[in-house]
Amino acid sequence: MTDQTPPPAPDAVDAIAAQWNAVRPDLSTEGMAVFGRMGRISRAVTDSVTQVHATHGIGRGEFDVLATLRRSGEPYTLSPRELTATLMLTTGGMTGRLDKLERAGLITRSPDPNDRRGLRITLTEEGLGMVERAVGPGVEVYQRTIAVLTPEETATLNDLLRRLLASAGG
């Protein structure tokens, strides 16, 4: 917040903290307020991004798989284990997503040439096109959300969140 920017009006999280402070004045509610806001922001932005991806005919979970393959660089191929670790999914959850993406022609599964028991998951041309069309509008949702902050505030917020994430073991 710059010196010229007025403080924001109290929000629903302030009301919740005030209620707790009234009935349990011994509790420190600052952490509750911080994480309450982070959770509400995350839900709202995730819902918006999910809607954007839906307009491209893909669900959020499937987009995450396609985006992970795309970010890996050419040839856009990873093992199921690498995908599972990156996306923090169970193997069962990953299998369901891969099945759906394969049926849609967005990925292929092929034997791993270096491991007889392994598979390689590869983005198809159609999958690459899908992720390329969907990623920009999804990222724009995030950019619109942080547009109320100055670049310096955004950098500070990122630094603070990085510290919190590290302290939480993430």
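**Reading a predicted chain**

Guide: Along the sequence, the protein chain runs α-α-α-β-α-α-β-β-α-α. The model is predicted: local features need pLDDT of at least 70, side-chain atom pairs count only at pLDDT 80 or more, and totals for chains, interfaces and linings use all residues. Residues are numbered from 1 along each chain as its sequence is written, and side-chain values use heavy atoms, with hydrogens and water left out.

Visitor: How many helices and strands does the protein chain have?

Guide: Helices (H or I, at least four residues) and strands (E, at least two) are DSSP runs, numbered from the N terminus. Here there are 7 helices and 3 strands.

Visitor: Is the protein chain spread out or compact?

Guide: Radius of gyration is taken over C-alpha atoms; the globule rule is 2.2 Å times the number of residues to the power 0.38. For 170 residues the rule gives 15 Å, but the protein chain has 21 Å, so it is more spread out than a compact globule. Along the principal axes, the C-alpha atoms fill a box of roughly 60 × 35 × 25 Å.

Visitor: What percentage of the residues is buried?

Guide: Buried means under 20% relative accessible area, exposed over 50%, partly exposed in between (1.4 Å probe, protein chains only). Of the 170 residues, 27% are buried.

Visitor: What share of the contacts joins residues 24 or more positions apart?

Guide: A contact means heavy atoms within 4.5 Å. Among contacts with a separation of 6 or more, 48% link residues 24 or more positions apart.

Visitor: Take one residue. Where is H53 found?

Guide: H53 sits in helix α2, residues 30-55. Its relative accessibility is 1%, so H53 counts as buried. Beyond its neighbours within four places in sequence, H53 contacts I58, R60, F63, A134 and G138. F63 lies 10 residues from H53 along the chain, and their C-alpha atoms are separated by 7.4 Å.

Visitor: Now a strand. Which strand holds T77?

Guide: T77 belongs to strand β1, residues 77-78. T77 counts as buried because its relative accessibility is 17%.

Visitor: Which side chain makes a polar contact with the side chain of T77?

Guide: A polar contact is a pair of N or O atoms within 3.5 Å; within protein, one must be able to donate a hydrogen and the other to accept it, and residues adjacent in sequence count only if both atoms are side-chain atoms. The partner is the side chain of T122, at 2.9 Å.
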